[in-house]
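Here is a short report on a structure that may be new to you. Take a look at the sequence and the model before reading on.

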Amino acid sequence: MSDTIASGANMTSLIKRGEGAGNVGLGTVPRPMPGPDEVLIEVYAVGICGTDLHIQDDEFPSLPPVVMGHEVTGRVVEAGPGAGDWLGKRVSPETYFYTCDTCSACKAGRRNLCPRRRSIGSHVDGGFASHVKVPQRNLHEVHDSVGEHAGALYEPLSCVAQCLCDPAVASPGDTALVVGPGAMGILSAQVLKAQGADVTLSGTPRDQQRLDIAASLGITAVLAADLGLATPDGGFDVVADASGDERGIDAGLRAVRKGGHYVQVGLTGKPIAVDIDLICLHELVVTSGFASTPRSWRRVEKLVAAGLVVLDPLVTDVAPLSRWQTSFGRTRKADGLKLMLDPRMDDA
Ligand SMILES: [Zn+2]
Ligand SMILES: [Zn+2]
């Protein structure tokens with residue numbers, strides 16, 4: 001097992017090596033040693049996320065050379081001074097390695113908006129490696145009901161909670177539509193259902209496997225072409241876009257009832273053309289959320305512990321680091337739902 005490797009040994013990692021599109025590949029870096037109030041996590045799984053593809057394409061800021069991967073779960077195998085209570089615990093970490101703690105955003109508990117924020121997987125070495133080092137204040141214990149790979153979904157769920165939970169965007173009896181049945185969409189649908197909404201999720205024909213997974217979780221799953229039939233008279237009370245797709249966003253804005261609530265969960269990665277007059281003409285309330293906060297992680301812990309959100313059915317593929325190219329390629333084509341890499345499989 002990799003936790004028997006001596007500190008200072010090298011570990012295989014998936015690295016963004018330099019600026020520009022591409023420049024991603026396997027390499028070795030020294031295994032990190034935790035300092036005061038830091039821990040070392042033996043990585044069980046890291047989710048592959050749209051952000052990783054944007055880093056690969058140089059569409060998301062990063063500071064190469066850096067080990068990629070921010071949707072991490074594993075077990076604490078070493079603890080620096082002051083962090084010993086975490087030894088042996090199964091955890092998932094918040095992604096901010098550094099925030100300034102002095103700017104107005106930090107003081108308001110919104111570390112996600114700190115201009116000096118540095119996160120694992122883009123600016124500080126992340127989780128596509130046998131081990132990752134994080135501050136102990138970032139740690140959250142993974143609930144016993146969650147499988148050892150699915151714990152990596154705490155991070156995307158925290159981002160969904162940041163968009164949908166403070167304040168809750170739906171109330172019991174509301175109708176809600178989620179556009180886009182990727183991991184963020186199915187997590188959004190579960191959170192809206194937990195808030196008491198009657199939830200519909202829409203996707204395209206290539207999303208059939210994802211729609212089937214959503215349907216198995218009690219969510220009404222429809223093809224976008226059939227959305228008209230599934231739309232209540234006057235429109236949905238709440239619409240959340242998790243597609244980040246121009247046509248999806250346009251359809252979503254048109255599906256909200258007058259005076260209803262539209263939430264942007266997905267990122268488009270580029271400017272798009274949408275009819276913004278709809279917001280004005282229909283007096284829509286439009287909100288969003290960026291990344292996560294300690295508060296949204298507390299929502300995650302509650303939602304998972306109460307069984308209101310389940311994570312394991314979303315993990316459709318787990319591969320060793322050495323197969324990263326195949327898994328990145330499949331994620332790009334929306335083949336499967338949540339694909340993960342487990343560095344322990346490389347040693348097996
Ligand atoms: Zn992510
Ligand atoms: Zn700050």
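The text below covers a metal site and then a helix.

This is a predicted model, in which local features need pLDDT of at least 70, side-chain atom pairs count only at pLDDT 80 or more, and totals for chains, interfaces and linings use all residues. Residues are numbered from 1 along each chain as its sequence is written, chains are lettered from A and ligands numbered from 1 in the order in which they are written, and side-chain values use heavy atoms, without hydrogens and water.

**The zinc site**

Four cysteine SG atoms, from C100, C103, C106 and C114, coordinate the zinc ion (ligand 2) at 2.3 to 2.4 Å. Donors are N, O and S atoms within 2.8 Å of the metal (3.2 Å for Na, K and Ca); water is not among the atoms, so sites may look incomplete. The donor residues follow the spacing C-x2-C-x2-C-x7-C. The site is tetrahedral, with angles of 104 to 117°. For four donors, that term requires all angles to lie between 85 and 135 degrees.

**Helix 9**

Helices here are DSSP runs (H or I, at least four residues), numbered from the N terminus. Helix 9 covers residues 294-305. Its buried residues are S296, W297, V300, L303 and V304. After helix 9 comes G307, with a positive phi near 75°.

Notes. Four donors count as tetrahedral if all angles lie between 85 and 135 degrees; four count as square planar and six as octahedral if opposite donors are over 155 degrees apart and all others between 65 and 115; anything else is irregular. Helices (H or I, at least four residues) and strands (E, at least two) are DSSP runs, numbered from the N terminus. The expected span of a helix is 1.5 Å times one less than its number of residues. Buried means under 20% relative accessible area, exposed over 50%, partly exposed in between (1.4 Å probe, protein chains only).
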